[in-house]
Every structure is written in structure tokens, then in C-alpha cells.
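Q: Hey, could you walk me through this one? I'd like to chat about what sits where.
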Amino acid sequence: MKRWLNLSLEDLRTLMETIGQPAHRANQIWTWVWTKFVTDIQKMTDLPQKWRDELSQDLVLLPLRLVDTLEEDESIKLLFQTMDGHHIETVILKQDEATEETEDPKKRLTLCLSSQVGCPLGCVFCATGKIGFARNLEVDEILGQVILAEQVLQNHPHLFGLSLPSQRKISNLVFMGMGEPFLNWENVQKAIRILTSPKGYGIGYRHITISTAGILEGIHKLTEWNQPIRLAVSLHSPFRMGRERLMPISKTNPLDDLMMALREYQDHTGRRITFEYTVIAGINDRREDAEGLRKLLFPFKYLFNIIPYNPVEGIEWETPSPGRIKTFLRFLDEVGISATLRKSRGRKIAAGCGQLGLIWKNREVKL
Ligand code: SAH
Ligand code: SF4
């Protein structure tokens, strides 16, 4: 089985030569895939018919199959099956304020991507963490989510009232779906290189966000890479103990070291960091939490997003009431933190990023 989408354009050109094809065949395939989102080799009409027939036997450009969609006004959740029978999820979100400012919000669609099947980090409030971990996603499985989402948007332009003439409908990519992107960094990085290739999909690094639970090694690597990718850090508590309770990974990637790695990142890149803060009633929404956050964050340039906890089956915790969220926002304001409340969009279908794994599981779709 050939999996050519794992290759960069350069590598695909080299491969063409080794199999006795002219190198420009690679560009032809690349153009079909990345500007027209055509992944059926038979539809690539400028390739010789005989070669298309041959390739159709054992070439897989798209290693994912769309098995279900769930739609709500502001988001569409897509369920994919991998070739070895696992399930992963991707969410198309209208105007995700997590990725902030820049262009006209009306034109923005954000795609929330998965990087792993499940997640090994087991944060106690997270649906994905609860299901466990199967494996890392391959490069073409990461890319396949983008291509399939574009195909869905192309085939159903009414979904978001889109009438954009451009081929690419998605303007922002966020690695906030299933999994921890820094634990699959090699593949995520390779996928990002392909997605940003000006000859192909051509999305800008600035429109890509990596969200991490605070993997130090990953932050160091991103600092070194020095591309203008956005970094989002899931914080959830300003206290070492509080954080360890919510996120077991912070025992081996402690809060102090995380803050040091982030300082280094910011000193080096000058880029603003987005902090994600899932608010759980009575756990991390107290005045002392706001006070702790002030002490922790004052040296940084940052955006602060709060996400009301979305209930996960089998976990006792509660979503703070609207009044309680308002009070926490006031606490934050009093200590000088201007927070953005991320709408609980997609609540019904559990399509808020980080909420993946839940609904399908109830339908007994296996990981
Ligand atoms: N593993 C990465 C990216 C995926 S999780 C990370 O942890 O950052 C994406 C976001 O969803 C994280 O900020 C996570 O804390 C949040 N999240 C997870 N479960 C949630 C829940 N039940 N309610 C609200 N937000 C949740
Ligand atoms: Fe993994 Fe992120 Fe969920 Fe934690 S919040 S279990 S790191 S996906």
C-alpha cells in the first residue's frame, strides 16, 4: 500500500524519478490534492489513464473515511475512521475567538484537528483523556482531516452560508482536538510544513495554533523552530498542587519549569501566548485562583481564554453557573487579567474542542 500524502512535494518528486515517472507528475498530484481537494486518482485527468489504473490498485491518498457528521449552528463535528479501524474527530468551528483578532471574523472558519487517537495524558476533566490512548496519527491522517473538512465544505456550501470563491475555505487550524500535539511532534511538524507549503494549501504559520498541556520538551522545540505558529497552553490552575490534581502530566512537567520554558519562548520569539483555562465550579474559580494567576502571568504578554467546563460522564464536577462565571471574570478583572469567555458553542454535540470522544462513545463507536 502506497501512502504518498505522507511525503513532502520534494520527496514526492524524488520518488517519481525512482519509479520512472517525470518529476512534474508529483506537482500534478499535489495540485489536485492541495488546491482542488481531489483525492481520487481516477479524477486526476491530466495523468495518463494507464498509470491512473495502475495506481488505483494500491495508492491510498486519503487514509480516513468520513463515517458521520453532527451539525449545530456554529459547528460541525466530523467523525473519521482510520484504515486500522480507529475513530478520530475533527471540528469545523465558525469564528473561533481562541485564535483571536486579525481578519474579518465573518470570513473565518477554524478547524480543530486531532493529533493522536485518544490521549495518554489523562487530564481528569477531559473526555479524550478518559477514553485512553491508542496511537499517534500519521502525517497523512493529520492532513486527511484538513482535506476531508475542505471536501465537506465544498460539497455543502450552505452549511455555514459560505459563498467564498476561494478554494480553501478554512482560515485557521488549531491542534485542540484529540491528543497532545507535542507527543507526536515529528508528524505534526511535518504536516504543518506541508500545509504551509506555498505551492499547496498555503495556510500561513500565523494561522496555526498548537495547544499543549505543558510538555516542556515540545515548547523548547517550538522555540527553536521559530516559525510564527501560535502557542496555546492549557493552564487550569495557577498552583502546582491544583494543577497536578487536574493534569497528572504536570507532575513530571512542573509548573515552575513550564513558566521558565514559556519565558524562554517569549523572550526568543516575542510572540504572545494564549492561556486556556477550563473553569470548574469550586475547583479553580475562586478569588485566590485569580490572585494566583496574576502572580504567575504578570511577566507575560498573553491572551487569557476561559472555557466553562463541559460535563463529562462519570465525573462529579460541575459547570459554573453563568453568575459564577461572571463573578470569576470580575475577580480576574480586579487583578488586571482581561479574559475572553469562549462560548460553549457546540455544547449539544460536544463539539467544543477538547470535548471530543464523548458523544460517539455514547453511541458505542470504538476508539
Ligand atoms: N492536549 C492539548 C490539546 C487538546 S485539549 C491540551 O490539553 O491543550 C484542548 C482544550 O480543551 C484544552 O485546553 C483542554 O483543557 C480543554 N478541555 C478538555 N476537556 C474539557 C472539558 N471537559 N471542558 C472544557 N474544556 C475542556
Ligand atoms: Fe490530553 Fe489535552 Fe485531554 Fe489533557 S486536556 S487528556 S492533554 S487532550
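Q: Nice. Which residues are around ligand 2?
A: Cys-119, Leu-121, Gly-122, Cys-123, Cys-126, Gly-129, Gly-179 and Ala-213, counting a residue if one of its heavy atoms lies within 4 Å of the ligand. One caveat: this is a predicted model, where local features need pLDDT of at least 70, side-chain atom pairs count only at pLDDT 80 or more, and totals for chains, interfaces and linings use all residues. Residues are numbered from 1 along each chain as its sequence is written, chains are lettered from A and ligands numbered from 1 in the order in which they are written, and side-chain values use heavy atoms, with hydrogens and water left out.

Q: How does the shell around ligand 2 divide into nonpolar, polar and charged?
A: The shell has 5 nonpolar residues, 3 polar and no charged. Here Ala, Val, Leu, Ile, Met, Phe, Trp, Tyr, Cys and Pro count as nonpolar, Asp, Glu, Lys and Arg as charged, and the others, Gly among them, as polar.

Q: Switching to helices: at what angle do α7 and α9 pack?
A: About 5°, with the axes of α7 (residues 216-225) and α9 (residues 255-269) 9 Å apart. So α7 and α9 are roughly parallel, a label for angles under 35 degrees. Angles run from 0 to 180 degrees between N-to-C directions, and helices are DSSP runs of H or I with at least four residues, strands runs of E with at least two.

Q: What residues does α7 bring to α9?
A: Leu-216, Ile-219, His-220, Leu-222 and Thr-223, with contact meaning heavy atoms within 4.5 Å.

Q: And the sheet, what's the strand order?
A: β1-β2-β3-β4-β7-β8-β9-β10-β11-β12, an open sheet of 10 strands with mixed pairing; strands pair if DSSP finds at least two bridges between them. Its edge strands are β1 (64-72) and β12 (339-341).

Q: Which strands does α9 touch?
A: β9 and β10, and the direction of α9 makes about 145° with that of β10.

Q: Last one: how many salt bridges are there?
A: The search finds 15, each a side-chain nitrogen of Lys or Arg within 4 Å of a carboxyl oxygen of Asp or Glu. One of them joins Asp-140 and Arg-3, with the closest N and O atoms 2.6 Å apart. Asp-140 is in α5 (residues 139-155) and Arg-3 in the segment before α1 (9-18), so the pair ties together parts 137 residues apart in sequence.

How values were computed. Parallel < 35°, antiparallel > 145°, perpendicular 65-115°, else oblique.
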